[in-house]
Amino acid sequence: MLLVCGQLEVGAQSGEAAFRQLEDQLPTPNAYRAASGAPGADYWQQRADYDISVELDDENQRIIGSETIVYYNHSPDVLRYVWIQLDANLFSRDSDAHVTATRSSFDGLSFKALRGILYREGFDSALAITKVTGADGSDLPYSIVKTMMRVDLPETLGPGESIEIGIDWSYSLIDAKLVRARSGFEFFPEDGNFIYEVAQWYPRVAAYTDDRGWHHKQFIGSGEFTIEFGDYLVRITVPEDHIVAASGTLENPGEVLTSDQQERLKRASTASKPVFVVTPEEAKANQSEAARGKKTWVFQAKRVRDFAFASSRKFIWDAQGYDINGNRGLGMSFYPNEAEPLWSRYSTKATIHTLEVYSKFTFDYPYPVAISVNGPVGGMEYPMICFNGPRPKKDGTYWGVAPNSDQWWHSKYGLISVIIHEVGHNFFPMIVNSDERQWTWMDEGLNTFLQYLAEQEWEEDYPSRRGEPRDMIGYMTSQAQVPIMSNSESILQFGNNAYAKPATALNVLRETILGRDLFDFAFKEYSRRWMFKRPQPADLFRTLEDASGIDLDWFWRGWFYSTDHVDLAIEDLRRFELDTLDPVIDKARSRREREAAPKSISEIRNRGLPHRLESYPELADFYNEFDELDVTKKDRENYDKLIESLNDAERDVLKTDAFFYVLKLRNLGGMVMPVILKIRYADGSHELREYPAELWRRNSQTVSKALIVDREIAQVELDPHLQTADADRENNYFPRRIEKERFKIKKSKDPTNPMQEAAKAADAKEGEDEKADD
């Protein structure tokens with residue numbers, strides 16, 4: 001359809017701001033972080049290994065632990081102290097999170113919500129440190145600063161050196177069904193048992209990095225965790241009838257599982273569908289009566305940044321093997337009978353599906369297990385294990401697509417989606433180890449994007465809640481928002497800002513800016529470069545540009561550094577007709593246009609009026625008969641001379657049958673984006689044209705684009721496939737189309753007055769009395 005390339009015409013306003021390079025925003029490249037976005041030649045990161053013994057007190061819902069940390073200084077710096085995170089102090093009575101919590105009203109609270117508020121007011125889980133020692137057993141001085149603890153070293157820790165720190169501690173777990181938490185317990189009054197999901201439970205070394213030094217920003221609640229990689233050996237002592245799930249591999253199955261359970265676990269590794277390791281019947285038997293003895297489960301996890309576990313006598317356990325390009329392991333699920341029938345059907349299958357899809361877009365999943373646990377925590381992730389809250393209603397029924405957010409926790413797709421999301425966090429940030437405390441979007445946004453891809457590969461028309469550009473319009477046009485590039489504790493509309501908008505941005509980048517092949521290569525390169533390392537936003541931005549070969553600074557500036565939205569509008573479409581220069585043809589066309597021109601109301605009503613000229617013909621002269629559109633002899637002679645003076649190429653130009661249009665576009669939302677144009681022709685055919693965002697480079701507010709086509713245009717439409725999150729569809733058409741809406745009518749109801757209510761109550765009482773007399 002395209003005959004010649006369009007020409008660009010721009011107005012006077014500069015587009016420099018939209019296309020200004022980001023170098024003034026991004027940190028200067030150095031030996032640690034290269035300008036390409038890759039780790040630099042001298043990149044380093046610290047390491048912390050843990051040997052932990054912990055007991056779960058099922059009577060008092062407490063954790064009692066003892067650990068030895070071996071901390072390795074790989075930095076070029078000399079350290080005089082080590083900062084330790086005490087995340088459990090988030091739920092101390094005087095924590096910043098609690099004392100700075102705001103509330104505008106108590107109206108409309110549910111009984112459960114008010115119970116939670118009152119419970120939190122009286123709860124104190126301040127972590128009790130009972131011992132901090134060095135390798136020789138001598139006490140080390142320490143200072144607790146809210147959710148952080150500084151351990152002062154007996155002597156400086158130089159580059160390449162390591163130190164051993166021992167810590168004993170205890171604290172109370174919180175009721176995570178009453179207070180929203182990432183860790184805690186759920187009590188089942190019907191049988192008197194608990195499910196424990198335990199995280200942020202041990203003192204762990206804060207990160208020390210090339211870009212920030214010690215990461216000791218306080219844990220207030222929204223910004224999650226910045227942690228070092230290391231190896232873990234963890235011994236977990238629990239009641240002997242408990243089943244434990246944890247990060248890493250179980251090292252002593254012969255001591256904690258029956259022979260039948262060990263055989264089932266072995267069989268599961270090659271099974272084509274999940275195998276019950278602990279059956280529903282065994283779980284029911286376990287929960288019927290609490291055992292008095294204890295067992296210690298031993299787990300080992302290598303090259304992980306954290307460790308979490310879950311424990312309950314209520315757990316069913318199923319497992320199925322996976323093979324990710326030769327890396328074999330077990331997908332596993334732990335859940336109570338109350339989670340059936342959803343969990344045995346979907347949890348482990350969704351877990352393995354996630355590993356397969358994410359591995360395709362990033363790197364092969366490297367760990368030996370991936371676990372999904374049902375309990376009180378709605379959705380939370382840790383290396384090799386995650387906590388997922390959705391389960392059926394008490395009668396065993398559940399929704400497919402939930403009608404509202406409350407019922408989402410009792411729906412099939414709610415469960416599948418949260419499992420995909422939380423298992424997916426094994427990749428971001430558990431392996432690509434971004435700074436969650438500072439930049440929530442770097443793991444949540446990237447993970448939500450991959451979640452969308454995995455959901456779409458689960459089944460046709462999967463009801464994804466995030467990822468599609470059209471679903472982001474309401475947020476992007478709202479007032480209460482801040483840029484994606486905002487600290488985690490300063491975010492407004494947290495889910496939209498840190499999850500949905502960056503996920504949508506990456507989807508737009510993949511589908512519309514770069515294309516799938518180019519984006520997938522660049523994203524995989526970022527994932528590969530920063531696997532088991534600690535990237536910053538600049539490393540992501542630079543890598544995607546470096547691997548794609550496309551300057552994306554305008555994109556990062558619009559989507560990540562601003563609160564602009566997308567609203568491109570078609571302001572005008574004008575048609576230009578080329579004169580043939582033949583007076584016979586051109587003047588005839590002009591006469592037709594003159595005759596077709598609309599008449600004013602006065603002109604219409606004045607037709608048939610008596611005219612003086614008709615009564616006095618002598619008033620007529622040359623000009624009464626003259627018509628400038630009449631073809632004269634002079635016109636013909638001039639045309640003949642012109643044609644004779646033209647060469648063949650110039651004559652061919654006059655013979656073109658092309659149609660010439662100028663499309664005027666206006667950027668109403670502030671964010672520049674590619675122009676995706678659907679042209680509908682008068683003959684019923686259509687054509688799709690795509691112009692990159694650089695169309696706006698000289699004027700980010702308005703631009704005019706020449707369209708040269710071989711047929712008459714009937715209508716043009718912007719963004720026909722909903723690719724750009726354009727906020728206003730009505731101004732995407734020219735000529736404008738009539739928008740259709742539906743409305744409903746309802747029958748009015750006559751409200752019952754108090755006299756009627758009283759009479760109704762009296763009638764009911766009279767009926768009850770008569771029934772009693774009978």
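Select Trp-201 to start: this residue touches Ile-52, Val-54, Ile-63, Trp-169, Tyr-171, Val-234, Phe-307, Ala-308 and Phe-309, leaving aside residues up to four places away in sequence. Contact here means heavy atoms within 4.5 Å. The model is predicted, so local features need pLDDT of at least 70 and side-chain atom pairs count only at pLDDT 80 or more, while totals for chains, interfaces and linings use all residues. Residues are numbered from 1 along each chain as its sequence is written, and side-chain values use heavy atoms, with hydrogens and water left out.

Buried means under 20% relative accessible area, exposed over 50%, and partly exposed in between (1.4 Å probe, protein chains only). Helices (H or I, at least four residues) and strands (E, at least two) are DSSP runs, numbered from the N terminus.

**The seven-stranded sheet**

Show the open sheet with the strand order S5-S8-S3-S2-S14-S18-S16, in which the pairing is mixed. Two strands pair if DSSP finds at least two bridges between them. S5 (128–133) and S16 (249–250) are the edge strands, each pairing on one side only.

Now select Arg-47 and Asp-231, whose side chains meet in a salt bridge (3.0 Å, N to O). Arg-47 lies in S2 (residues 47–57) and Asp-231 in S14 (residues 230–239), so the pair ties together parts that are 184 residues apart in sequence. A salt bridge is a side-chain nitrogen of Lys or Arg within 4 Å of a carboxyl oxygen of Asp or Glu. Arg-47 is partly exposed at 30% relative accessible area, and Asp-231 is partly exposed at 23%.

Move to S7 (residues 148–157), which is antiparallel to S4 (residues 79–85) and joined to S4 by six bridges. Tyr-81 stands opposite Asp-152 in S7. S7 also pairs with S6 (residues 142–145), antiparallel over four bridges, and Ser-143 faces Arg-150 across that pairing. Two residues lie between S6 and S7 in the hairpin, and Lys-146 in the turn has a positive phi of about 60 degrees.

Asp-96 sits in helix H2 (residues 96–99) and Lys-146 in the loop between S6 and S7, 50 residues apart. Lys-146 is partly exposed at 48% relative accessibility.

**Further salt bridges**

The whole structure holds 52 salt bridges. One of them joins Glu-571 and Lys-664 at 3.2 Å, N to O. Glu-571 is in S25 (residues 568–576) and Lys-664 in S26 (residues 659–667), 93 residues apart. Finish by selecting Arg-575, Glu-577, Asp-579, Asp-586, Arg-589 and Glu-712, which are linked in a network of salt bridges.
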